[in-house]
Amino acid sequence: MVEEQNDFLQQCRLGREISCTEHMIKRRICQMESESGAQPLTGGQGAVLGYIMHSQKPEIFQKDIEQTFSVRRSTATVTLQKMEQAGLIRRTAVKSDARLKKIEITPQGLAVAQHMEKCIAAMEAELSRGISEQEKQAFLKTLQKINQNLGGTACPEKE
């Protein structure tokens, strides 16, 4: 029985390692945010702020968020509502179609996004310490294959 359990745990090791690593990264980012006194964001809110800040599109709409992050309309709606309530973004009606609301980052949102990028850069440096560029590229390629095996697509890159 114990041997069967150990075999099972060995077979599930990849998923467990990924899950544990993700948990440690999230914990470290929360620690960085609390040390700096920054406004806490969910991962989705941070990603949306980064997307808006770096997008080359002249106007961004909710459908762009839904497509870019592969989320349902309801998920995007809740995320954007919370961001708007926190003063990170504003949604304004488009003159040609009042049903459409373009999403813009506020000065407060921009400051939060810039701080977040500094935290991400520090986290990336911490994560890659002692890892060669070749090892990093091989790891990223492996993660992309795992994502594809699960039916996903690659993470969105900055536009």
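The model is a predicted one.

Helix α3 spans residues 43–54, and helix α4 spans residues 62–69. The two pack at an angle of about 115 degrees. Their axes lie 11 Å apart. Angles of 65 to 115 degrees count as roughly perpendicular. That makes α3 roughly perpendicular to α4. The crossing of α3 past α4 is right-handed. On the α3 side, the contact is made by A47, V48 and Y51. On the α4 side, D64, I65, T68 and F69 take part. By class, this contact has 5 nonpolar residues, 1 polar residue and 1 charged residue.

Helix α3 also packs against α5, at an angle of about 80 degrees. Here the axes are 10 Å apart. The pair is therefore roughly perpendicular. From α3, the residues in contact are Q45, V48 and L49. They meet T79, L80, K82 and M83 of α5. The residues of this contact divide into 4 nonpolar, 2 polar and 1 charged.

T79 belongs to helix α5, which covers residues 73–85. The T79 side chain reaches the backbone oxygen of T75 at 3.0 Å. Neighbours within four places in sequence aside, T79 is in contact with Q45 and V48. Both Q45 and V48 are α3 residues in the contact with α5.

Helix α3 contributes G46, L49, G50, M53 and H54 to the contact. Helix α6 contributes G109, L110, V112, A113, Q114, M116 and E117. The contact comprises 6 nonpolar, 5 polar and 1 charged residues. L49 is one of the α3 residues in this contact, and L49 also takes part in the contact with α5.

Salt bridges were then counted. Side chains of opposite charge can pair when their charged atoms come close. With a cut-off of 4 Å between side-chain nitrogen and carboxyl oxygen, the count comes to 10 salt bridges. One of them joins E126 and R28. The closest N and O atoms of this pair are 3.2 Å apart. E126 lies in helix α6 (residues 107–128), and R28 lies in helix α2 (residues 13–36), so the pair ties together parts that are 98 residues apart in sequence.

How values were computed
Residues are numbered from 1 along each chain as its sequence is written. This is a predicted model: local features need pLDDT of at least 70, side-chain atom pairs count only at pLDDT 80 or more; totals for chains, interfaces and linings use all residues. Side-chain values use heavy atoms; hydrogens and water are left out. Axes are lines fitted to C-alpha atoms, for helices over the stretch in contact, and angles run from 0 to 180 degrees between N-to-C directions. Helices (H or I, at least four residues) and strands (E, at least two) are DSSP runs, numbered from the N terminus. Angles under 35 degrees count as roughly parallel, over 145 as roughly antiparallel, 65 to 115 as roughly perpendicular and the rest as oblique. A crossing is left-handed if the near helix is turned anticlockwise from the far one by less than a right angle, and right-handed if clockwise. Contact means heavy atoms within 4.5 Å. Ala, Val, Leu, Ile, Met, Phe, Trp, Tyr, Cys and Pro count as nonpolar, Asp, Glu, Lys and Arg as charged, and the others, Gly among them, as polar. A polar contact is a pair of N or O atoms within 3.5 Å; within protein, one must be able to donate a hydrogen and the other to accept it, and residues adjacent in sequence count only if both atoms are side-chain atoms.
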